[in-house]
Amino acid sequence: MPVQVAIVGAGPSGFYAAAALLRADAACHVDFIEALPTPFGLIRGGVAPDHQSTKGVSRAFARTAQEPRVGYYGNVVLGRDVSLDELRGFYDAVVLATGAPLDRPLGIPGSDATGVYGAAAFVGWYNGHPDFCDLNPDLNTSAVAVIGNGNVAIDVARVLVKTPAEMAATDLADHAAKAIHQAPIEDVYLIGRRGPAEAKFTNKELTEMGDLAACAPMVDPAQIPAQVDDEMSDRDRRLREKNLATLRGFAERPPGEKPKRVHFLFCAKPVEVLGDGRVSGLRLERTRVDSGRAVGTGEFFEIPCGAVISAIGYRMPPLADVPVDEAKGVVTNRDGRVAPGLYAVGWAKRGPVGVIGTNKADGDTAARQIGEDIAEGARPGSPALEALLVERGVRPVSFADWQRIEAAEGAAAPAGAPRRKLIRIKDMLAVLEDSEVKVTES
Ligand SMILES: Cc1cc2nc3c(=O)[nH]c(=O)nc-3n(C[C@H](O)[C@H](O)[C@H](O)COP(=O)(O)OP(=O)(O)OC[C@H]3O[C@@H](n4cnc5c(N)ncnc54)[C@H](O)[C@@H]3O)c2cc1C
């Protein structure tokens, strides 16, 4: 009997795992169980809307989804529509590829004030993720603080300052485009606890900050060290030195006439969100970097801002009966093994590190482990799942259904843009019920 595998989550790690399983076992059958009617996880809901080429990998994932040995059940939530015990009863192996979709809390006084947002929510909002489309952030301010020194923080800063023309050929959600482009934002502070040599920006994203139509990057030259001092691999050293050179270039530029600025604030640790229930500023402590760690100097300063967006990492929420390592914010696992017949891949396994391709190795590992652990299939797979969904009145979205949603979004796209995103699950499902439904601005 073929081995029946359920992969929960149709993001990059789920697709890499599926492809690895299909390669490793010529007979196995793989079913995706995905919470949203839309596939591809953070490729749709996280990757910046102005970085469309990064999203191109989803074409390869779509081919995997259409393999004859692959089933696809979107709009089905593990823990709501089907329990983990039920899935483990239906399938020989269950692979958790559910990502790490929650923000790590900022955890400083004032961080519950109105105007403080986590990047998972904020990015989900501008990318039209149904869970976050009602965030309605208050951007009626001239200054925003973005906390974090990774690519997510730089994505948020860039999307806040790009002009409507620069965002025209993107799939920025309509509601977010309206709010961002009407906001009077002039200054964005990009804040890192450690120094420029420790920043996690990739050089491509950093360089882009110097090429924006209406925004200048502002860097204090005194903060840029002459060289990278720490012990590290040659590759890491090269990457960091490249970032320092880019920042040095920014620091040497005359300020120019651009109406907006992104200020790179290094060695600055946020200690308090200021304001009386509503953000009015951020208090920070200057730090110095000691053996790669930020150490407070006891010197404090404040910046005025009307919104704070923290991009300091992600964690997974409680999930069905899955054991969670609270400290790491991941599924408790040993190199992906969770329990007999239960595996984890991607951000659910490792936490929020790495790029899309980093998840590939997890899929290879899971396929190898499943091959080692399960010689023969013994469970029914999709017929049992389908019977349960019918019994519970759940309307699964097949991959062909998704392609109809995708076609409707494409047909409604403004000139030059790849799609106009549907942001509510009911509107996505309506496309499937009524081919006449139009994608409208909301
Ligand atoms: C803001 C942001 C920008 C990024 N930009 C880039 C970039 O430009 N380039 C790059 O290479 N990488 C980028 N990354 C990293 C990349 O997105 C991740 O490496 C990758 O998406 C992780 O894949 P994953 O499958 O583990 O998780 P996810 O992509 O989060 O996929 C998880 C899937 O599981 C589903 N799911 C969750 N819970 C359940 C449940 N209970 N039942 C059923 N399904 C469920 C979700 O709906 C989702 O589809 C970015 C990440 C973020 C956060």
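Of the 37 residues around the ligand, those that come nearest are Gly9, Gly11, Gly41, Gly99 and Gly346; a residue counts as near when its C-beta atom, placed from the backbone, lies within 6 Å of the molecule. This is a predicted model, in which local features need pLDDT of at least 70 and side-chain atom pairs count only at pLDDT 80 or more, while totals for chains, interfaces and linings use all residues. Residues are numbered from 1 along each chain as its sequence is written.

**Around the ligand**
- Two or more residues of the shell come from each of α1 (12-24), α6 (151-161) and α10 (346-350); helices are DSSP runs (H or I, at least four residues) numbered from the N terminus.
- The shell holds 19 nonpolar, 16 polar and two charged residues. Here Ala, Val, Leu, Ile, Met, Phe, Trp, Tyr, Cys and Pro count as nonpolar, Asp, Glu, Lys and Arg as charged, and the others, Gly among them, as polar.
- Why does the ligand lie between domain 1 and domain 2? Because both domains give residues to the shell around it.

**The two domains**
- The protein chain splits into domain 1 (4-101 + 316-397) and domain 2 (103-313), with bounds from an automatic or database domain assignment.
- Their C-alpha centres lie 32 Å apart.
- Domain 1 brings eleven residues to the contact and domain 2 brings 16 residues; two residues are in contact if their C-beta atoms, placed from the backbone, lie within 7 Å.
- On the side of domain 1 that touches domain 2, there are five nonpolar, four polar and two charged residues.

**Helix α1 against helix α11**
- α1 packs with α11 (residues 360-373) at an angle of about 45°, their axes 7 Å apart. The axes are lines fitted to C-alpha atoms over the stretch in contact, and angles run from 0 to 180 degrees between N-to-C directions.
- The two helices are therefore oblique to each other (under 35 degrees is roughly parallel, over 145 roughly antiparallel, 65 to 115 roughly perpendicular and the rest oblique).
- The crossing of α1 and α11 is right-handed, meaning that the near helix is turned clockwise from the far one by less than a right angle.
- Among the residues making this contact are Tyr16 and Leu21 of α1 and Arg368 and Ile370 of α11.
- By class, the contact of α1 with α11 has nine nonpolar, three polar and four charged residues.

**Helix α5 against helix α6**
- The axes of α5 (residues 119-126) and α6 come within 11 Å and cross at roughly 45°, which makes α5 oblique to α6.
- Ala119, Phe122, Val123 and Tyr126 of α5 meet Val152, Val156 and Val159 of α6.
- That contact comprises seven nonpolar, no polar and no charged residues.
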